[in-house]
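Good morning. Please look at the model as I go.

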Amino acid sequence: MSLADHNNPREALIQVKDLHISFGERKRRFEAVRGVSFDIFKGETFGLVGESGSGKTSIGRAIIRVYETSGGEVLYGGQRISGKIDKDLDRRVTREIQMIFQDPMASLNERAKVDYIVAEGLYSTEKNLTRLQRQARVHEALMDVGLLPEFAARFPHEFSGGQRQRIGIARALVMNPKFIIADEPISALDVSIRAQVLNLMSKLQRERGLTYLFISHDLSVMRFICDRIAVIHRGLLVELASTEQLFRFPLHPYTQALLSAVPLPNPAYERKKRPLIYDERIHHYENNEPTWRELQPGHFVLANDEEARGYEDRIGAVKAAQG
Amino acid sequence: MSEPILQVKDLNIKFSLRGRVLHAIRGVSLDIHQGESLAIVGESGSGKSVLTKSFMGLLDANGWVDSGSIIFEGKDVANYKTEKEWLSIRGRKIAMVLQDPMTSLNPLKNIGKQIGEALFLHQGLKGAQAQERIREILLDVGIEDPQRRMKQYPHQFSGGMRQRVVIAIAIACQPQILICDEPTTALDVTIQAQILQLIRNLIKKYNLTTIYITHDLGVVANIADRIAVMYAGDIVEIGTCDEIFYAPKHPYTWALLSSLPQLGRKGEELFAIKGTPPNLFNEVAGDAFAPRNPFALNIDFKERPPYFDVSPTHRVRSWLLDERAPKVEPPESLKRIDAQGGSLYEFG
């Protein structure tokens with residue numbers, strides 16, 4: 001079964017189909033991602049939420065071809081980009097898919113000037129550029145992220161965390177990407193700087209029609225930035241919906257547990273909050289295997305027949321209660 | 001309010017770095033009360049960790065208490081010089097839990113031994129007595145099957161479980177004050193919620209006074225009775241948890257709260273503080289936040305504001321509270337904290 005939403009007219013930029021990623025050999029083999037499928041539409045921010053070890057980062061790295069897949073495929077603009085691909089496509093993907101990393105303190109080369117850090121990708125993908133052209137591209141990218149062109153001559157240690165994350169974003173932008181994978185781009189940043197970086201990401205998306213894959217463990221941030229959210233647990237997607245649907249009808253017990261644990265800046269709420277704990281033993285999958293089902297348009301959940309009936313009842317009840 | 005267990009008076013801490021002097025804590029006064037849970041909120045570099053480290057004599061070698069006092073049990077510990085003096089407090093009366101459990105634990109010793117060390121060092125417990133106490137503590141921090149677990153090594157524990165072990169070591173000697181420095185920042189949200197629940201239970205069971213350092217205001221809303229907001233080495237606002245969240249007065253607190261994505265609306269810009277914190281190598285003139293403060297008055301650039309009392313528990317260091325100052329309204333998005341009395345989501 002293809003998990004893509006065939007009724008949706010939106011164009012899929014990325015299609016992940018039955019993706020498997022495993023590490024280690026034979027006996028010590030570990031399946032980090034166990035058959036995950038989803039589409040990312042052009043121009044949207046697609047969120048992938050899960051906890052450490054859930055496989056969310058591995059998926060991002062498989063899409064950008066850092067990790068090999070052990071099964072399934074990844075399509076970019078309809079062309080397969082997982083596994084062996086030809087040189088031209090490889091070069092195109094290297095340019096058009098970029099990544100923003102979590103920790104700007106660790107992800108920038110301390111010994112290189114900003115100039116080189118930002119231009120690095122150009123050296124391998126656009127070899128014909130002259131020095132001046134390259135410099136112009138770097139300056140443009142720096143200005144796009146709100147930094148001054150003269151910063152190009154400095155070293156990373158001269159910058160604050162927020163500025164360094166901007167350099168990390170400039171480094172992605174200089175390639176004129178179409179698709180950016182942001183893996184926990186704000187988790188390592190201070191609260192006030194988080195807002196700056198989120199605003200910058202939204203602005204760049206509006207101006208350039210970028211598509212984002214936003215990987216995070218923090219649902220409260222995703223609610224603010226993502227159009228659709230997929231919830232991943234131990235290498236499997238358990239729920240996928242538009243942000244509004246997910247927060248209005250969280251169906252899978254793991255989604256509910258995640259939501260219930262999100263800290264909110266509100267003492268009254270925090271005092272009465274009772275975080276739910278997700279225990280896989282509540283599922284009875286012995287006789288009835290779970291499948292990936294669309295329970296309302298665009299809202300998918302991993303459930304068996306009995307669970308699906310319960311979820312449908314709940315959707316009905318929420319709709320009735322909220323009118 | 002109960003007795004202060006620890007009193008900080010006009011504390012100044014400086015560091016010497018590459019021949020220059022950094023004024024990290026700039027005249028902080030703070031009473032910490034018996035049994036309360038105080039949260040210190042601030043961004044990196046605001047001095048929140050330095051302040052609490054000075055309570056235990058853990059300042060880096062290039063740092064010193066320049067003036068002021070830290071009164072604990074009738075003694076001014078700011079004058080302590082030797083390790084011997086500090087060891088009478090550190091770990092025994094004031095204990096600390098740090099952010100990263102992997103670096104706080106010794107990977108080569110089983111966790112029973114590591115807890116046992118603390119018990120032996122501070123309470124002289126050995127042998128069967130110590131074993132019994134270790135089992136007890138492990139159960140207290142929610143580690144089941146202590147008999148088996150105490151023989152295991154840190155790598156055999158998950159991140160959340162390791163943090164429980166670190167907490168076990170910290171409370172082993174029944175300290176009076178527990179300092180938690182970003183203890184859940186490295187953890188997943190569901191594990192974070194469990195650790196916070198654990199800390200709350202331990203506060204009750206051991207009658208602990210806790211100082212909780214974080215930049216995460218969601219966590220603060222969960223754990224704190226009282227909140228101190230730090231900026232550039234100074235406490236700019238302090239009040240009860242409700243006062244800080246529902247009626248904040250300092251523009252920096254407004255900025256911190258309104259920059260939270262939790263309060264944002266999709267498609268709208270989040271409020272972001274412009275500029276960067278002041279360089280504390282230079283002496284700060286006037287209000288340290290003034291250059292980034294959209295509500296700054298002329299006097300903010302010249303004279304440091306005093307504290308203004310908003311209520312007996314709520315003090316704010318901002319000229320905006322002066323009766324001659326123009327009335328300003330906090331940002332619109334702060335009203336959503338009230339509106340959000342419910343949760344972010346709805347269950348069917």
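Are α7(B) and α8(B) roughly parallel or roughly antiparallel to each other? Keep in mind that this is a predicted model. Helix α7, residues 159-171 of chain B, packs against helix α8, residues 189-206 of chain B, at an angle of about 20 degrees. Angles under 35 degrees count as roughly parallel, and α7(B) and α8(B) are therefore roughly parallel to each other. Their axes are 10 Å apart, and the crossing is right-handed.

Now the residues. From α7(B), B:G160, B:Q163, B:R164, B:I167 and B:I171 take part; among those they meet in α8(B) are B:I191, B:L198 and B:Y206. This contact has eight nonpolar residues, three polar and one charged.

Next, chain A. Helix α3, residues 114-125, and helix α4, residues 131-144, have axes that come within 10 Å and cross at roughly 115 degrees. This crossing is right-handed too. The α3(A) side includes A:V118 and A:L122, and the α4(A) side includes A:R134 and A:V138. By class, there are eight nonpolar residues, no polar ones and three charged.

Last, the two chains together. Contact involves 47 residues of chain A and 48 of chain B. The buried area is about 4,200 Å², with 57% of it from carbon and sulfur atoms. On the chain A side, A:V191, A:F224 and A:P265 supply 17% of the area buried against chain B, more than any other three residues.

How many salt bridges cross this interface? The rule finds two. B:K266 forms a salt bridge with A:D227, where the closest N and O atoms are 2.9 Å apart.

Terms used. Residues are numbered from 1 along each chain as its sequence is written. Chains are lettered from A and ligands numbered from 1 in the order in which they are written. This is a predicted model: local features need pLDDT of at least 70, side-chain atom pairs count only at pLDDT 80 or more; totals for chains, interfaces and linings use all residues. Side-chain values use heavy atoms; hydrogens and water are left out. Axes are lines fitted to C-alpha atoms, for helices over the stretch in contact, and angles run from 0 to 180 degrees between N-to-C directions. Helices (H or I, at least four residues) and strands (E, at least two) are DSSP runs, numbered from the N terminus. Angles under 35 degrees count as roughly parallel, over 145 as roughly antiparallel, 65 to 115 as roughly perpendicular and the rest as oblique. A crossing is left-handed if the near helix is turned anticlockwise from the far one by less than a right angle, and right-handed if clockwise. Contact means heavy atoms within 4.5 Å. Ala, Val, Leu, Ile, Met, Phe, Trp, Tyr, Cys and Pro count as nonpolar, Asp, Glu, Lys and Arg as charged, and the others, Gly among them, as polar. Buried area is the accessible area (1.4 Å probe) that two parts lose on being put together, summed over both. A salt bridge is a side-chain nitrogen of Lys or Arg within 4 Å of a carboxyl oxygen of Asp or Glu.
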